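User: I would like to go through a new model with you, starting with the cavities and then moving on to the helices and rings. Could you take my questions one at a time?

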Amino acid sequence: MSDYVKGRIVNNIVELTGNKEDVDEAVMALLNDEGYVDFSKLVPVDKDEDDIQMDDYYNAALNVWLEKDKEIDRQDYISSMEFVGLTRERVYTFTELTDTQINVFKTKYKVGKMLNDANKFIDCVKKKSIFNGFFAREGAWGTGTQPIKQVIKGNRIEFLTLNTPALKVFKALAMKFSNIKIYYTYVYENENASKNLRKEYNQVTYKNMEEKVIKQESKDEINTFKLIKDNVTM
């Protein structure tokens, strides 16, 4: 990889081919009640009791905590929280709030509770236990997050994932629907210090229990443990 660094985000394009009825049924097997692809519909993953899902409340609680604690390296904590948001099952962006926005939450929740919950969240991040759920999903799906920015067009599904593609999900889909063939293309975007961009294209196909590698430009494995260690600095 020389001086290029593999990007966190992977572009995924999945095309299902075969009899239209079979293809439609296969797509439906992936969708939740809202009509979105949900990997857990096909490959369920047990929830980890320590895996706290970052949401608007925790975002606000962490902002209150940052406001109170003046001794910590604020930027290190913010950077870590932004990374943690990327590893949640439903990817979430940590946001710094204004004083006015923080006060809205303070009037709705008790400040003491918010600080306690923020401390609980931060302790889980420090101990890395918050990532147990990420590793469980990565082990089951091939990637640690639900599909990001998904677009469904008939037999074609496009989405983003973090670090790795969701190969295990679509391998399971092919095994369940043996009459369809799946073309899975995933693209890494790598950037060096000069902001030069290089794309690595990869494609595999699935038919029943057979997997074929059609193209593979990515040679390096993603080390998720190292990625977390490098990005969680608190």
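**Cavity, packing and backbone**

Analyst: By class, the residues that line the largest cavity comprise three nonpolar, two polar and six charged ones. Please note that this is a predicted model.

User: Which residues are these, and how much space lies in the largest cavity?

Analyst: The largest cavity holds about 80 Å³ of space. Its lining consists of Ser40, Val45, Asp46, Lys47, Asp48, Asp51, Glu89, Gly133, Ala136, Arg137 and Trp141.

User: How many cavities of 30 Å³ or more are there?

Analyst: The count comes to one cavity of 30 Å³ or more.

User: Which element gives the most to the lining of the largest cavity?

Analyst: Helix H7 does, with four residues.

User: Let us stay with H7, then. Which of its residues are buried?

Analyst: H7 spans residues 132-141, and its buried residues are Gly133, Phe134, Arg137, Glu138 and Trp141. They lie on the same side of H7, because they cover an arc of only 135° around the axis.

User: What covers the buried residues of H7?

Analyst: The cover includes helices H2 (39-42), H4 (74-87), H8 (167-176) and H9 (224-231), together with strand E3 (156-162).

User: And what happens just after H7?

Analyst: Glycine 142 follows, with a positive phi of about 95°.

User: Which residues other than glycine have a positive phi?

Analyst: Lysine 128 is one of them, with a phi of about 70°. Lysine 149 has a positive phi as well, near 50°. As background, most residues other than glycine have a negative phi.

User: Where do those two lysines sit?

Analyst: Lysine 128 is in the loop between H6 and H7, and lysine 149 is in strand E2, residues 148-153. Lysine 128 is partly exposed, at a relative accessible area of 31%. Lysine 149 counts as exposed, at 70% relative accessibility.

User: Changing topic: how many aromatic pairs does the structure hold?

Analyst: There are 15 aromatic pairs in the structure. One of them joins tryptophan 65 and tyrosine 77 in a tilted arrangement, 5.2 Å centre to centre and with 35° between the planes. Tryptophan 65 belongs to helix H3 (residues 56-68) and tyrosine 77 to helix H4, so this pair ties together parts 12 residues apart in sequence.

User: Are those two buried or exposed?

Analyst: Tryptophan 65 and tyrosine 77 are both buried. Phenylalanine 83 and phenylalanine 131 also form a tilted aromatic pair, at 6.4 Å centre to centre and 55° between the planes. Since phenylalanine 83 lies in H4 and phenylalanine 131 in the loop between helix H6 (111-127) and H7, that pair ties together parts 48 residues apart in sequence. Phenylalanine 83 is buried, as is phenylalanine 131.

User: Which rings do the ring pairs link into a cluster?

Analyst: The cluster consists of Phe39, Trp141, Phe159, Phe170, Tyr184, Tyr186 and Tyr188. Of these, Trp141 has already come up as a buried residue of H7 and as part of the lining of the largest cavity.

User: On to the largest pocket. How much space lies in it, and which residues are closest to its centre?

Analyst: The largest pocket holds about 340 Å³ of space. It is lined by 21 residues, and those closest to its centre are Pro165, Leu167, Tyr186, Tyr188 and Glu221. Tyr186 and Tyr188 are also members of the ring cluster.

User: Which strands supply the lining of that pocket, and what is it like by class?

Analyst: Strands E4 (181-191), E5 (197-207) and E6 (210-216) each supply at least two residues. The lining of the largest pocket has eight nonpolar, seven polar and six charged residues.

User: What about H1: which of its residues are buried?

Analyst: In H1, residues 20-28, Val23, Ala26 and Val27 are buried. They fall within an arc of 100° seen down the axis, so they line one face of the helix. The face turned away from that buried side carries the exposed residues Glu21 and Met28.

User: Finally, how would you describe the chain overall?

Analyst: The protein chain has nine helices and six strands. Buried residues account for 44% of its 234 residues. Of the contacts between residues at least 6 apart in sequence, 71% join residues at least 24 apart. The C-alpha atoms fill a box of roughly 60 × 45 × 30 Å along the principal axes.

Definitions and conventions
Residues numbered from 1 in each chain as written. Predicted model: local features only at pLDDT ≥ 70, side-chain atom pairs only at ≥ 80, totals over all residues. Heavy atoms only, no water. Buried < 20%, exposed > 50% of the residue type's maximum accessible area, 1.4 Å probe, protein only. Arc of directions from axis to C-beta. Contact = heavy atoms within 4.5 Å. Phe/Tyr/Trp six-rings, centres within 6.5 Å; stacked < 30°, edge-to-face > 60°. 1 Å grid on protein atoms, 1.4 Å probe; cavity = no way out; pocket = protein on both sides within 12 Å on 5 of 7 lines; lining within 4 Å. Points joined across faces, edges and corners; volume = space filled by probe spheres on them. Nonpolar A, V, L, I, M, F, W, Y, C, P; charged D, E, K, R; others polar.
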